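User: Got a new model here and I'd like a quick walk through it. Can you take my questions as they come?

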There are 2 protein chains.
Amino acid sequence: MSFDYINALLKKPTTRTPIWVMRQAGRYLPEYRASRKKAGDFMALCKNPNLACEVTMQPIDRFDLDAAILFSDILTIPDAMGLGLYFSEGEGPKFKNPLQNLADIEKLPTYINDDLSYVFDGVSTIKKALSGRIPLIGFSGSPWTLATYMLEGGSSKTFANSKKILFNEPKSLHLLLDKLTNSVIEYLNQQILSGADSVMVFDTWGGVLSKQNYLDFSLKYMAKIVKGVKAQHPNIPITLFSKNGGKHLSHIADTGCDGVGIDWTVELDDAQAQVGERLAIQGNLDPAVLYATPEIIEREVKKILAQFKGDTGHIFNLGHGITPDIDPENMQVLVDCVHKFSQDYR
Amino acid sequence: MSFDYINALLKKPTTRTPIWVMRQAGRYLPEYRASRKKAGDFMALCKNPNLACEVTMQPIDRFDLDAAILFSDILTIPDAMGLGLYFSEGEGPKFKNPLQNLADIEKLPTYINDDLSYVFDGVSTIKKALSGRIPLIGFSGSPWTLATYMLEGGSSKTFANSKKILFNEPKSLHLLLDKLTNSVIEYLNQQILSGADSVMVFDTWGGVLSKQNYLDFSLKYMAKIVKGVKAQHPNIPITLFSKNGGKHLSHIADTGCDGVGIDWTVELDDAQAQVGERLAIQGNLDPAVLYATPEIIEREVKKILAQFKGDTGHIFNLGHGITPDIDPENMQVLVDCVHKFSQDYR
């Protein structure tokens, strides 16, 4: 196995800067679009372990990536809780039964791993397919991020329902977040038992909160997840990623996680100065750089490599998922540049 | 005239913390919805000076606000340049003729004030209606923000076209930004000649850029605007507001502007510690607090008042525009709480 990804997370020596890319198995790849067509729709693709494995492996077979990530969705947990996840074309994720009130929250089941067996089967299928070449990352959405979708019924610009409950009925929101936290812990632990070598928590919407609300309603629960996973699997590295969370890095480091993801609106050297002694940093190329020419991609990759000081503790990634309209050739340029030039900047 | 708003911006003594609210003339007010219906559509409302005045005055007549802001749109300049602004229901602003290439940029006219006379007529009409009660704020979008709409043809999630040109043809983008900057300077200066007591530049999308790109492609041009307006009108205070720009405050202060707007993801006391000596700070209640009960609104207003140290230099506002689904009663609670309690926290 190439251990660079895990070693970088644990700040052990690496041969070169490892790279993987958020949404590396995705619509920018023609073979992914073919698999999705075969599956029928996005959720059918997620729920079929063989197809989930197929698309997980597609970028691995194409590019020299240092980690694979389970192909799945962050909203599998609310779906398993009975909210009825579906995707409407061009509008993103939706729930048939969004949460309306406290009674809905109280009714939610917390032990839902039985309904998520397709995920664990996917993990073990992928693990076999990888046959030890590179590590496999498992993941979940953060409790706050899951809660927003469950309360809004889908994506939102204003987060009206989530913030209404946050301000007016914080206890109800805490009950929801507690339930989600317990489910996420069991979910990630089972992914690890099924073969995940590392896990990541995506907090897509933590950045829409004020600092105190971020600490109380998002980070506090991610800290519980770190604790709950470490209690069962002390050696499995955990990465937390709050989009737009660059101002909270020292608090994120306090959770005891091993790595933190940052987006491109934070400077990598600033982030390293703040928390580089305590954990590994994942990021942080602007995904839009992949719209540029190979020369510009190389220049921007070098800028990021130059910002990071030291031999380990950096996992190269985009600051957000790769977008569907990217030319796969440019992804190739990115991966190759990181590997080719990382030694020059150590 | 109540001078608190202008005095706070200039850090002169104030009687109490002044407040105005972004989008205070807007869809949350039933009388606004009636005016808009009368006008036909949003652009017809903007382009009719008497109706623009009518809706500007609506929140002033209802609430004890410390400033009025011209009712208009940030995209009037590209519209006057010939791009054909229109609004499609639920999808936000669109351009009939987005910019496709360098030739389109080269063709753009820069002196466009003749086509914006409806704005200046609006300003002078409002100024008369206010009859010196409170100051009037004029505004423009920032060059970078205008450029993104002109290049994308409307709103965007990925800013693919804008970033493609930023990375691949920076000179073409700088040409566009230069032209827009000149137009914005003339536009704001003419608003001031027509009666605006203060002007503000809204940089809605500066926060989607990395630090260096923000400095090079957004802030640099806002700095030119500050200079160009101050050259003609040295005593007119200027406020810059980059959404998600809380990490760039010291650079924003370097432009020589008088005030900086901040959103709720920055802490007001942190912002004051960074730049409070150099300029006034506008903000920064989470607009979602207005979904809460009056008791919670009062608590959150007090938290913000408590964060700001000193007698002047704070203009209370939301961190973003008030949303259409807010109860006007809650806006009343907000305005009254700020005035009622601000003395207690000085």
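User: In chain A, what share of the contacts with a separation of 6 or more comes from residues 24 or more positions apart?
Analyst: Such residues account for 71% of those contacts in chain A. Two residues are in contact if their C-beta atoms, placed from the backbone, lie within 7 Å. Note that this is a predicted model: local features need pLDDT of at least 70, side-chain atom pairs count only at pLDDT 80 or more, and totals for chains, interfaces and linings use all residues. Residues are numbered from 1 along each chain as its sequence is written, while chains are lettered from A and ligands numbered from 1 in the order in which they are written.

User: How many helices and strands does chain A have?
Analyst: Chain A has 15 helices and nine strands. These are DSSP runs numbered from the N terminus: helices are H or I with at least four residues, strands are E with at least two.

User: What percentage of chain A is buried?
Analyst: Of its 346 residues, 55% count as buried. That takes 20 or more other C-beta atoms within 10 Å of the residue's own; 12 or fewer is exposed, in between is partly exposed, and C-beta atoms are placed from the backbone.

User: Now the sheet. What is the strand order in chain A?
Analyst: Seven strands form an open, parallel sheet in the order 1-4-5-6-7-8-9. Strand 1 (68-69) and strand 9 (314-318) of chain A are the edges; each has a single partner strand, so one side of each is left without a neighbour in the sheet. Strands pair if DSSP finds at least two bridges between them.

User: Which strands does strand 8 of chain A pair with?
Analyst: Strand 7 (residues 259-261) pairs with strand 8 (residues 280-285) in the parallel sense over three bridges. A:Val260 stands opposite A:Ile281, and A:Gly261 is opposite A:Gln282. From strand 7 the chain crosses through helix 13 (residues 268-275) of chain A to strand 8, a right-handed β-α-β crossover. Right-handed means that, with the strands pointing away from the viewer, the path from the first strand over the helix to the second runs clockwise. Strand 8 also runs parallel to strand 9, joined by five bridges. There A:Gln282 has A:Ile315 as its bridge partner.

User: Is strand 8 of chain A covered or open?
Analyst: Mostly covered: six of its six residues are buried.

User: Switching to helix 4 of chain A. What does it pack against?
Analyst: Its buried residues pack against helix 2 (30-39), helix 3 (42-47), strand 1 and helix 7 (117-130) of chain A. Among those buried residues are A:Leu51, A:Cys53, A:Glu54 and A:Ile60.

User: Last topic: how many residues of chain A are in contact with chain B?
Analyst: 23 residues of chain A are in contact with 23 residues of chain B. Helix 9 (residues 160-168) of chain A gives the largest share of chain A's side, five residues.
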